[in-house]
Amino acid sequence: MNNQLTIGLVGNPNSGKSSIFNLLTGLRQKVGNFPGVTVDKKSAQLTLKGLPPVEIIDFPGAYSCYPTSLDERVVVHALIKGQIDELPNALLYVADVTKLDKHLLLFSQLRDLDLPLILVLNMADLIEKDQLKVDLKQLGKRLGVPTVLVSSRSGEGIENLYAAVRELIEDPLQFRPEEPFYALPPLEKDVISDLRQELPARNDYHALLMVHHAQWLDFIDEKKRHRIQQAKMDRGLHSLRSQVNETMSRYDALEPVVYDTIKRGGEEFNTTTDKLDRILTHRIFGPLIFLAIMLLLFQALFSWAEFPMNGIEWIFGQLGDGVRYALGEGWLSDLLVDGVIAGLGGILVFAPQIAILFFLVSLLEEVGYMARAAFMFDHLMQRFGLNGRSVVALISGHACAIPAIMSARTISNWKERLLTILVTPLTGCSARLPVYTVLIGFAVPATTVLGGWLNVQGLAFAGLYVLGIVGAIFSAFLFKLVLKTPERSFLMLELPPYRPPVWRNVWNNVYQKTKTFALEAGKIIIVISILLWVMSSFGPGDKMQMAEQTATEQSEELNLDETATDDLIAANKLEASYAGHLGKFIEPVITPLGYDWKIGIALLTSFAAREVFIGTMATIYSVGHEEDEFRIRERLAQERDPVTGEMVYNQATAWSLLIFYVFAMMCMGTLAVTKRETNSWKWPAVQFFFLTGLAYFGAMLVYQVLS
Amino acid sequence: MSTNIPGTASEMANQQTGTIQRFTNEELATKLLDIGIKPGARLRLIRRSPFGGCWYVKVDRQCVALRKLELDCIVIK
């Protein structure tokens, strides 16, 4: 542990805590892991003039020190750890000033943990609208901590926050509250005094939390756990009852404070949110509007992304040509241009689509619509073993399954959360787009029906997305039948008032997510494309030279022109290469699906990431520019079976491949995040074999029926 | 409203308001208290969810979504 000061940002969900974090730190954020638990930790350096830099940590939102979700556990775990030097030096507690009566519960608990604290009242911009009167001075005095009023939306009051943070850095001790807010009842006191010698606690309340959470705290060993259990039994302390009593008495103590310092006027019923929800969560209009929003989202995805995508393709094309020109012909320029640049271009071309999807999804989240979607579909989702909150994951899964799987953390029931994690990769993430685009050309004719109103290829596109969602829901249902859990499931979801989005938050999110995508996916793609290039350029022994020789002789016999000769040589060499051998090796397994060994190579490489499929096909078919989908399509159309002379890419093969890509678990990143979120190798393995099995048999069925 | 005051929140009629007296399940009580739903608060059923099973509920000024099973554990006076 270094000596740098750390300040934690804590608060209820929907308190605008992350908004404050964005305001304080801008784009200088980095994402790491909380020690001991693998949950994202967002942190950033903050430097105030003339002071050493401090690290600001944005904790997940939490309601109280009695966690119900994984996110909340992270907060509680981080704040009640035994060693004092592992704790943040101070906390900024963010509360929504319009909901202070509720948001002060966790505040009062943290204050009793004896941590230096500043109370940050957010949403100052709503004070006028909600006709609030806040007596800041008295509130701070009654709660015994410095209190500042800010608006993370407009930035109003931010200088006061800076000033308070500065005082805090200069002298953290003066911010330590002196007296506990909640006096432990006799029963709890007795249990604590029995255990006092054994618990590494700073004060009585800290010890009490350890007693309540002994079951899952990792720094309490089995022996101590047993001692705690014994002490509770001896004294007859019932944890849940004790928690309820504590919470009630905290509310009782806080109520007069809030009553005396905050006066409210304004409408109680018929607010803007009430009016909007009358339509947006209406029994019939609600789901219809939801569908319309989803349609719009995908429409935007395709139409907005086209222009920047073409631009990126062009840049990489130019870059490749430039490098080839600068280096001349040779293996190095082949490796760089055909391997690295083509591979990178192939992945970065999705960046605009990813960015647009994240933009729209975080917009829906930011205004408060996602909670409504969860409310509307909860009952439907429950029938399939999911939770209303799963809707959020299933929607964001259309951008990328990785953040979507992480969003399932808000689901407190383990089984519902697990099912959400397992089936989210079935939703049509953006990496499937290029695969679908190329293959649909072979599967469906480019015609229109209904007098030109409906494009058949577009219809097939939509169909694949629907198939993904239906597949996800029914897979969840299958898992639901197999998995058993005694744990009770809850919805209990806050529906926050609708608010115009804070654009800073939306942009921040889009920037961070797109950056992570480009960096993480970029790394995998570079490795794979180098590996693939090596494997298809070299072969065992002198087989490659032999293949070249045979091809040259063959072409002389057949009197082929130069291009055709080159193509023949390339094809024969590929077959003789390591990659060719690998493809031939798995060919028997994929023949029932209608694939040859070349498709086999592409299938194998795309298990790292789906989008690699197109790049691999391009490398295999030696099309000059991998990114150019039309040329790949032309080349694929000419591909014929050497024995029967039939087209390889007929309708049956194309549909079979499409079905395979709808279901197959082909993304290392997703498997890694499943491993992280479930903390075991079992679930990523189950996910991989189940989904890939589904893909295999689905594709086989489709091929056998169509061919 | 009527003199027939229901026992639990799930037995209330649409748009009916009642005052929370207590909770019958401790696990649920801790969770409800955490999000600020506490005895003494006024609870009003606003509308049923499109596919049934849960309710859009207003507790004092706060809007929450609660399942019918969760409303079952809230005793109204």
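# Close-up views of the predicted model

Figure 1. H7(A) contributes A:Glu188, A:Val191, A:Ile192 and A:Leu195 to the contact, where they meet A:Asp204, A:Ala207, A:Leu208 and A:Val211 of H8(A). Classified by residue type, this contact of H7(A) with H8(A) holds 6 nonpolar and 2 charged residues, and no polar residues.

**Figure 2. Packing of helices H12 and H14 in chain A.** H12 (residues 285-327) and H14 (residues 351-367) of chain A pack at an angle of about 145°, and their axes are 8 Å apart. The crossing in which H12(A) passes H14(A) is right-handed. On the H12(A) side are A:Leu297, A:Ala300, A:Leu301, A:Trp304, A:Ala305, A:Pro308, A:Met309 and A:Ile312; they meet A:Ala351, A:Pro352, A:Gln353, A:Ile356, A:Leu357 and A:Leu360 in H14(A). The contact of H12(A) with H14(A) comprises 13 nonpolar residues and 1 polar residue, with no charged residues.

**Figure 3. Packing of helices H28 and H30 in chain A.** The axes of H28 (residues 651-663) and H30 (residues 682-706) of chain A are 8 Å apart, and the two helices pack at an angle of about 160°. H28(A) and H30(A) are therefore roughly antiparallel to each other, since angles over 145 degrees are assigned to that class. H28(A) passes H30(A) in a crossing that is right-handed. From H28(A), the contact involves A:Gln651, A:Ala652, A:Thr653, A:Trp655, A:Ser656, A:Ile659, A:Phe660 and A:Phe663. From H30(A), the residues are A:Leu691, A:Leu694, A:Ala695, A:Gly698, A:Ala699, A:Val702, A:Tyr703 and A:Leu706. By class, the residues of the contact of H28(A) with H30(A) are 12 nonpolar and 4 polar, with no charged residues.

**Figure 4. Contact between the two assigned domains of chain A.** The domain assignment divides out domain 1 (6-175) and domain 2 (506-706) of chain A. Between these domains, 4 residues of domain 1 are in contact with 4 residues of domain 2. The side of domain 1 that touches domain 2 has 3 polar residues and 1 nonpolar residue, and no charged residues.

**Figure 5. Interface of chain B with chain A.** The contact brings together 27 residues of chain B and 34 residues of chain A. On the side of chain B that touches chain A, two or more residues come from each of helix H1 (26-34), strand S2 (42-48), strand S3 (54-59) and strand S4 (62-67) of chain B. H1(B) supplies the largest share of this side, with 8 residues.

**Figure 6. Open sheet formed by strands of chains A and B.** The sheet is open and has 6 strands, ordered S12(A)-S4(B)-S3(B)-S2(B)-S1(B)-S5(B), with antiparallel pairing. S12 of chain A and S5 (74-76) of chain B stand at the edges with a single partner strand each, so one side of each is left without a neighbour in the sheet. Strand S12 (residues 493-494) of chain A is joined to S4(B) by 2 bridges, and these strands run antiparallel. Within this pairing, A:Leu493 stands opposite B:Ala65 of S4(B), and the bridge partner of A:Glu494 in S4(B) is B:Val64.

Notes: Residues are numbered from 1 along each chain as its sequence is written. Chains are lettered from A and ligands numbered from 1 in the order in which they are written. This is a predicted model: local features need pLDDT of at least 70, side-chain atom pairs count only at pLDDT 80 or more; totals for chains, interfaces and linings use all residues. Two residues are in contact if their C-beta atoms, placed from the backbone, lie within 7 Å. Helices (H or I, at least four residues) and strands (E, at least two) are DSSP runs, numbered from the N terminus. Two strands pair if DSSP finds at least two bridges between them. Axes are lines fitted to C-alpha atoms, for helices over the stretch in contact, and angles run from 0 to 180 degrees between N-to-C directions. Angles under 35 degrees count as roughly parallel, over 145 as roughly antiparallel, 65 to 115 as roughly perpendicular and the rest as oblique. A crossing is left-handed if the near helix is turned anticlockwise from the far one by less than a right angle, and right-handed if clockwise. Ala, Val, Leu, Ile, Met, Phe, Trp, Tyr, Cys and Pro count as nonpolar, Asp, Glu, Lys and Arg as charged, and the others, Gly among them, as polar. Domain bounds come from an automatic or database domain assignment.
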